[in-house]
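Look over the sequence and the fold, then read on by topic.

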Amino acid sequence: ALGAASVREIERLNILQATILAMRRALNRLAVRPERVLVDGRPVATLGYDHEAIVGGDASCYVIACASIVAKVTRDRLMGALAVRYPGYGWDRNMG
């Protein structure tokens, strides 16, 4: 499942708390509650799910690396859609 936070949420909460909010949204969208979650980075006390935090997880854990690819492809597609909607801002060059 995917989760996101808006610009307003990032400005109101800060980037770390907005990231945690997006993680919780993604986890809450799953059809089955996971027994354990792998997180790329440090432990998240407020996540609300039993998890294992792995610093540099996208380089050392296949599952986290796959999730990172899904997130980046989703972001790139969003940037492409924004480029069509708002030409001239270079959103199509803000990919990768």
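**Around glutamate 9**

Beyond its neighbours within four places in sequence, glutamate 9 is in contact with Ala4, Asn14, Ala18, Leu21 and Arg25. Contact here means heavy atoms within 4.5 Å. Glutamate 9 sits in helix 1, residues 7-13. This residue is buried, at a relative accessible area of 13%. The cut-offs are under 20% relative accessible area for buried, over 50% for exposed, and partly exposed in between, using a 1.4 Å probe and protein chains only.

The model is predicted: local features need pLDDT of at least 70, side-chain atom pairs count only at pLDDT 80 or more, and totals for chains, interfaces and linings use all residues. Residues are numbered from 1 along each chain as its sequence is written, and side-chain values use heavy atoms, with hydrogens and water left out.

**Confidence**

- The protein chain has a mean pLDDT of 95. pLDDT is the predictor's confidence in each residue, from 0 to 100.
- In the protein chain, 99% of the residues reach 70 or more.
- Confidence is lowest in helix 4 (residues 62-85), with a mean of 94.
- It is highest in strand 2 (residues 51-54), at 98.

**Overall layout**

- The protein chain has 4 helices and 2 strands. Both kinds of element are DSSP runs, numbered from the N terminus: helices are H or I with at least four residues, strands are E with at least two.
- Along the sequence, the pattern reads α-α-β-β-α-α.
- The C-alpha atoms fill a box of roughly 45 × 30 × 25 Å, taken along the principal axes.
- Of the 96 residues in the protein chain, 25% are buried.
- Among contacts with a separation of 6 or more, 18% are between residues 24 or more positions apart.
- The protein chain exposes about 7100 Å², and carbon and sulfur atoms supply 58% of that area. Accessible areas come from the Shrake-Rupley method with a 1.4 Å probe; for residues, only the protein chains shown count as cover.

**Salt bridges**

- How many salt bridges does the structure hold? There are 3 salt bridges. The term means a side-chain nitrogen of Lys or Arg within 4 Å of a carboxyl oxygen of Asp or Glu.
- One of them joins the side chains of glutamate 9 and arginine 25, at 2.5 Å from N to O. This pair links distant parts of the chain, with glutamate 9 in helix 1 and arginine 25 in helix 2 (residues 15-28), 16 residues apart.
- Glutamate 9 is buried, whereas arginine 25 is partly exposed at 26% relative accessibility.
- Aspartate 50 and arginine 36 form a salt bridge, with their closest N and O atoms 2.9 Å apart. Aspartate 50 lies in the loop between strand 1 (37-40) and strand 2, and arginine 36 in the loop between helix 2 and strand 1, so the pair ties together parts 14 residues apart in sequence.
- Aspartate 50 is partly exposed, at 46% relative accessibility. Arginine 36 is also partly exposed, with a relative accessible area of 46%.
- Aspartate 76 forms a salt bridge with arginine 75, and the closest N and O atoms are 3.2 Å apart. Arginine 75 is partly exposed, at 33%.

**The nonpolar core**

- The largest nonpolar core has 7 residues in all: Ile20, Leu27, Val37, Val39, Val44, Leu47 and Tyr49. Such a core is a set of buried Ala, Val, Leu, Ile, Met, Phe, Trp, Tyr and Cys residues joined through side-chain atoms within 4.5 Å.
- Helix 2 and strand 1 are the elements that give two or more residues to this core.
- In soluble globular proteins, nonpolar side chains tend to be buried together.
- Leucine 27 touches Pro34, Val37, Leu47 and Tyr49, not counting residues up to four places away in sequence.

**The strands and their loop**

- Strand 1 and strand 2 run parallel, joined by 4 bridges. Two strands pair if DSSP finds at least two bridges between them.
- Val37 and Val39 form the covered face of strand 1, while Leu38 and Asp40 form the uncovered one.
- Aspartate 40 stands opposite isoleucine 54 in strand 2.
- Proline 43 lies in the loop between strand 1 and strand 2. Is proline 43 buried or exposed? Proline 43 is exposed, with a relative accessible area of 67%.
- Proline 43 touches His51 and Ala53, leaving out residues up to four places away in sequence.
- The C-alpha atoms of proline 43 and valine 55 are separated by 9.1 Å, and the two residues are 12 residues apart along the chain.
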